[in-house]
Amino acid sequence: TAKTPAPKRPQVGILTALRKRCYHRFDPVIGLEGLAIPNIVPQLGVILVSLALFAWFTSAEIAILSANRVRLRHLAEQGHRAADTVQRILAQRDRFFATVVLLQNLLVILASSLAAEVGILLWGSQGVLVATAAMTIVVVMFGEFIPKSLAAASEAIRTFQDFSRGG
């Protein structure tokens with residue numbers, strides 16, 4: 001009886017085997033019909049959450065700064081907890097602003113670092129420039145300008161409504 005020879009396994013180097021094994025378990029690349037696209041979904045999610053929190057802190061800062069002190073005092077005397085909280089925040093203005101600035105910087109640095117990583121994954125070394133330009137525009141527009149404008153406009157509308165009611 002003749003033995004059939006066992007099929008030969010292709011010779012694979014140790015690094016190739018390890019790479020295949022790692023990619024199988026922790027695949028950093030999504031394959032779409034032959035295209036190798038880096039998996040950037042987690043980074044994009046953290047970037048969006050960081051920018052949303054940054055915008056929220058920016059609008060909260062402006063809303064508290066532009067709050068009508070007389071109206072706050074009146075509401076606090078009537079028992080409104082939010083007005084009382086804002087008055088306590090304004091009494092410790094330095095601590096509030098230090099906390100807000102620290103958190104805003106942390107969030108912008110986190111988002112910018114992840115954007116640089118995404119840029120490198122997508123465009124190589126030029127991705128850092130693309131990410132820097134994109135994050136500058138996004139942070140200024142959606143993290144500074146728009147939230148501050150909306151918060152200030154909201155307070156202006158409330159003040160106008162107070163005056164139009166005669167109080």
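Biologist: How many helices and strands are in the chain?

Modeller: The chain has 6 helices and 2 strands, where helices (H or I, at least four residues) and strands (E, at least two) are DSSP runs numbered from the N terminus. Their pattern along the sequence is α-β-β-α-α-α-α-α. This is a predicted model, in which local features need pLDDT of at least 70, side-chain atom pairs count only at pLDDT 80 or more, and totals for chains, interfaces and linings use all residues. Residues are numbered from 1 along each chain as its sequence is written, and side-chain values use heavy atoms, with hydrogens and water left out.

Biologist: At what angle do helix 2 and helix 5 pack?

Modeller: Helix 2 (residues 41–65) and helix 5 (residues 93–123) pack at about 155°, with axes 9 Å apart; axes are lines fitted to C-alpha atoms, for helices over the stretch in contact, and angles run from 0 to 180 degrees between N-to-C directions. The two helices are therefore roughly antiparallel, a label for angles over 145 degrees.

Biologist: New topic: which residues touch the most other members of the largest nonpolar core?

Modeller: Those are I47, L51, L72, M135 and V139, in a core of 22 residues. Such a core is a set of buried Ala, Val, Leu, Ile, Met, Phe, Trp, Tyr and Cys residues joined through side-chain atoms within 4.5 Å; buried means under 20% relative accessible area (1.4 Å probe, protein chains only).

Biologist: Which helix gives the largest share of this core?

Modeller: Helix 5 does, with 8 residues.

Biologist: And what follows helix 3?

Modeller: G79 follows helix 3, and its phi is positive, near 100°.

Methods:
Parallel < 35°, antiparallel > 145°, perpendicular 65-115°, else oblique. Buried < 20%, exposed > 50% of the residue type's maximum accessible area, 1.4 Å probe, protein only.
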